[in-house]
Amino acid sequence: MAAGIREKQTVALKRMLNFNVPPVKNSTGEPVWKVLIYDRFGQDIISPLLSVKELRDMGITLHLLLHSDRDAIPDVPAVYFVMPTEENIDRMCQDLRNQLYESYYLNFISAISRSKLEDIANAAIGANAVTQVAKVFDQYLNFITLEDDMFVLCNQNKELVSYRAINRPDITDTEMETIMDTIVDSLFCFFVTLGAIPIIRCSRGTAAEMVAVKLDKKLRENLRDARNSLFTGDTLGAGQFSFQRPLLVLVDRNIDLATPLHHTWTYQALVHDVLDFHLNRVNLEESPGMESSPAGARPKKKNKKSYDLTASDKFWQKHKGSPFPEVAESVQQELESYRAQEDEVKRLKSIMGIEGEDEGAISMLSDNTAKLTSAVSSLPELLEKKRLIDLHTNVATAVLEHIKSRKLDVYFEYEEKIMSKSTLDKSLLDMISDPDAGTPEDKMRLFLIYYISSAQAPSEIDLEQYKKALTDAGCNLAPLSYIKQWKAFTKMASAPTSYGNTTPKPLGLFSRVMNTGSQFVMEGVKNLVLKQQNLPVTRILDNLMEMKSNPETDDYRYFDPKMLRGSDSSVPRNKNPFQEAIVFVVGGGNYIEYQNLIDYIKGKQGKHVLYGCSELFNATQFIKQLSQLGQK
């Protein structure tokens, strides 16, 4: 795990694109040119990991969706990367019959069944293309890696495994089985890619327990079948500590419904909360320029811009977990240091006789003189720096507009106080009825957090008053009726989850950033500093990873797929603390929890933690699921 799951999945993808042989580092020849055919699932797995340029370096000239109209390219090999579904297989058979490509390398994201393999074989015989089907592989890559230490199960059809799907009151047993099998299939792929067999702990009586039982069984069966086991030989050696196994903690979303609704204050979580941020790409609407258009002209259309926030973006890697004010300040500092270098850029350009912005010309110059060589090498670096500064200026400005227009800093601070049971300086009713603070959804989130966190539910009279205020503010009350049932139903009601007892400390208003010439006008936004406090998910991990005894986690079930006979006990065999753990939330996760885990593990020398979830949602998407559940 020390290698990070992102690296392992990327290596696996590169091997697949190289016809399933590990790519040789120092081969000088051209790569073999080929076509990549994927479905939406394949696209979602590849896009956060490999850029178009990296694909091109691997020899991929074209990448096309399986179900698009594709022309025949008879002299090129095709690499397929798709889920083994009926319609995908029909389409592949059709490609074989139409003799679209020179040879076919078929890679399935998840294991293909025997009967479907026979369908392909029959089509190949019928199309006289048996010799052209070069390889068929199960890749076991059915999960999406978003960070070195974060993965999510799927993005297509995610409503099939969503919180709502698992918690529907009218769900049948067979539907539940299907959902659990889907989740287990992805988790199994994850451990095959990781090359490790975990020790599994889970809470009792939850969907997480169903996942644990099935995953244990699946890993066990695979280990028993020694000839075809996926965990032998070269893969296991790849894990750096193969003697020390990782801990998998399966938790259910229901143990903490407040955090996904919480307003947040760190950069990545804010981007996910208020902007359209999806598989590491953020889509922004640019407001049209201020210049007045001639009278009668049609108003300019808003431009949509999308930015990738990737592992190679150093600013993002450094600041995605920082409180927003710090991010604004850092962008400002980067900008100032760039401006100092900008004069240098102008000087370099004039030395090279390039005026204007033509970057194409720069790369075409041959480096024949020392002067040119130094200029050519430092220019691209500076231009890349400029690109990142512009990107983060735009993203941070968009986030700031939301913070200011919705008073998100006030919400964040107030919710932190509710969750840590400290005294409130303003009544909840005032917050809800303040027309200037936040959208109806913000108010609903605030009230739900209050309702979930309170030890005693508010009295009927108070509740009516709150409901009236919420309705007047334009809120949809459906989520509340679900949370009400949920609270009555869970035995947690007796002991509400505690969130530590710290509140953010305001440092007065922004002082440094307020200086003139700053991009960010921060007037009136509180400069809140976070104190590390463990959220429920992090606390559970801490108990299980460090082997602490705690009523919260003492009855968690214990599974070890390597033990010959599965025993249903809560007593861990292994008494040593774990070095590596994977926390997986069944029912959906968010960046707040991810960030909280990362901050927690920073303080633990030499330990690693990975965060995974069945889907990644922000508060808007979660509220939507709650209101669907709450509708009568």
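Ser103 is found in strand E4 of the chain, described here from a predicted model. At 11% relative accessibility, Ser103 falls under the 20% limit and therefore counts as buried. Leaving aside neighbours within four places in sequence, the residues in contact with Ser103 are Val76, Pro77, Ala78 and Gln132. Strand E4 itself covers residues 101–108 and pairs with E3 in the parallel sense, over seven bridges. Within this pairing, Tyr105 of E4 is the bridge partner of Val79.

Strand E3, which spans residues 73–82, is mostly covered, with seven of its ten residues buried.

Strand E16 (residues 580–586) and E17 pair in the parallel sense over six bridges, and Leu610 in E17 is the bridge partner of Ile582. Together with helix H21 (residues 591–602), strands E16 and E17 make a right-handed β-α-β unit. Strand E17 additionally runs parallel to strand E7 (residues 150–152), to which three bridges join it. The bridge partner of Val152 in E17 is Cys613. Because five of the six residues of strand E17 (residues 608–613) are buried, this strand is largely enclosed by the rest of the structure.

An antiparallel arrangement is formed by three other strands, which make an open sheet in the order E10-E11-E12. Strand E10 (276–278) and strand E12 (303–308) are the edge strands, each pairing on one side only. From one strand to the next, the twist averages 25°. Strand E11 (residues 281–286) and E12 run antiparallel and are joined by six bridges. Glu286 stands opposite Asn303 in E12.

A search of the whole structure finds 24 aromatic pairs. One of these is formed by Tyr163 and Tyr482, whose rings are arranged edge-to-face, at 6.2 Å centre to centre and with 85° between the planes. This pair links distant parts of the chain, since Tyr163 is in helix H6 (residues 163–167) and Tyr482 in helix H19 (residues 478–489), 319 residues apart. Both Tyr163 and Tyr482 are buried. Trp265 and Phe412 also form an aromatic pair, in this case stacked, with 5.8 Å centre to centre and 15° between the planes. Trp265 lies in the loop between strand E9 (247–252) and helix H10 (267–274), whereas Phe412 lies in helix H15 (residues 408–419), so the pair ties together parts that are 147 residues apart in sequence. Trp265 counts as buried because its relative accessibility is 1%, and Phe412 likewise counts as buried because its relative accessibility is 3%. Aromatic residues also group together: Tyr267, Phe277, Trp316, Phe324, Tyr591, Tyr594 and Tyr611 form one aromatic cluster. Members of this cluster include Phe277, within the residue range of edge strand E10, and Tyr611, within that of strand E17.

For the chain as a whole, there are 22 helices and 17 strands. Of its 632 residues, 51% count as buried. Among contacts in the chain with a separation of 6 or more, 78% are accounted for by residues 24 or more positions apart.

How values were computed: Residues are numbered from 1 along each chain as its sequence is written. This is a predicted model: local features need pLDDT of at least 70, side-chain atom pairs count only at pLDDT 80 or more; totals for chains, interfaces and linings use all residues. Side-chain values use heavy atoms; hydrogens and water are left out. Rings of Phe, Tyr and Trp (its six-membered ring) pair if their centres lie within 6.5 Å; planes under 30 degrees apart count as stacked, over 60 as edge-to-face and the rest as tilted. Helices (H or I, at least four residues) and strands (E, at least two) are DSSP runs, numbered from the N terminus. Buried means under 20% relative accessible area, exposed over 50%, partly exposed in between (1.4 Å probe, protein chains only). Two strands pair if DSSP finds at least two bridges between them. Axes are lines fitted to C-alpha atoms, for helices over the stretch in contact, and angles run from 0 to 180 degrees between N-to-C directions. Contact means heavy atoms within 4.5 Å. A crossover is right-handed if, with the strands pointing away from the viewer, the path from the first strand over the helix to the second runs clockwise.
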